[in-house]
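Hi there,

Here is the structure I promised to pass on to you. Have a look at it first, and then read on for what I found.

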Amino acid sequence: MNYLLIKHLHVTAAGLSILFFIIRAYWSVTENALLQKKFVKIAPHVIDTVLLVAAILLSMMLGAAAAQPWVLTKILLLLVYIGVGTIAIKRGRTPRSRAIAAIIAVLVFFYIVGVALHRHPASWFF
Ligand code: HEM
């Protein structure tokens, strides 16, 4: 399969992921009933699965070249993004705690983008 094509898929899914996340986090903080809609609940899982599957494919295609600190950093921070993200969307008990979690999740996401572009764990600070 074409590496660049999968990379585009990966980056597009990443863009959609954060876009959907910000919308859902806003609805979560403002306690909007739209958050309970079936499409709103399912779409993020589909997008995030595409993001992750594409990431795995890219890593496999890179082979040994993927065994680098920045790739490991992205995997770990993706788990952090998901974990903090679930606090922002559903696990946080007050709108305030959900808002704080949402801000942290967005910051983690943009840190990951920096890791991707600089190919370095220090991200934008490299
Ligand atoms: C929220 C999570 C993620 C975001 C926002 C993200 C973002 C990006 C971006 C923007 C690029 C393009 C970099 C460039 O054009 O130079 C990229 C490439 C890549 N990402 Fe991710 N990524 C994420 C998760 C992951 C994970 C978990 C892995 C590893 C399993 C991964 C592996 C890769 C690889 C191997 C490339 C290709 C590097 C290259 O050929 O330049 N990504 N990612």
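**The shell around the ligand**

Helices H1, H2 (38–62), H3 and H4 each contribute at least two residues to the shell around the ligand. Please keep in mind that this is a predicted model. There are 20 residues around the ligand, and those that come nearest are Ala14, Ala55, Leu58, Lys74 and Ala116. By class, the shell divides into 16 nonpolar, 2 polar and 2 charged residues.

**The chain as a whole**

The chain has 4 helices and 0 strands, giving the pattern α-α-α-α along the sequence. Its C-alpha atoms fill a box of roughly 45 × 30 × 15 Å along the principal axes. A compact globule of 126 residues would have a radius of gyration near 14 Å, and the 15 Å of the chain agrees with that. Buried residues account for 23% of the 126 residues. Of the contacts between residues at least 6 apart in sequence, 67% join residues at least 24 apart.

**A closer look at H4**

H4 covers residues 95–118, and its 24 residues should span 34 Å at 1.5 Å a residue; the end C-alpha atoms are 35 Å apart, which agrees. Which residues of H4 are buried? They are Arg98, Ala101, Ala102, Ala105, Phe109, Tyr111, Ile112 and Val115. These buried residues pack against helix H1 (3–29) and helix H3 (69–91). After H4 comes Arg119, which has a positive phi, near 50°.

Definitions and conventions. Residues are numbered from 1 along each chain as its sequence is written. This is a predicted model: local features need pLDDT of at least 70, side-chain atom pairs count only at pLDDT 80 or more; totals for chains, interfaces and linings use all residues. The expected span of a helix is 1.5 Å times one less than its number of residues. A residue is buried if 20 or more other C-beta atoms lie within 10 Å of its own, exposed if 12 or fewer, and partly exposed in between; C-beta atoms are placed from the backbone. Two residues are in contact if their C-beta atoms, placed from the backbone, lie within 7 Å. A residue is near a molecule or strand if its C-beta atom, placed from the backbone, lies within 6 Å of it. Ala, Val, Leu, Ile, Met, Phe, Trp, Tyr, Cys and Pro count as nonpolar, Asp, Glu, Lys and Arg as charged, and the others, Gly among them, as polar. The radius of gyration is taken over C-alpha atoms; the globule rule is 2.2 Å times the number of residues to the power 0.38.
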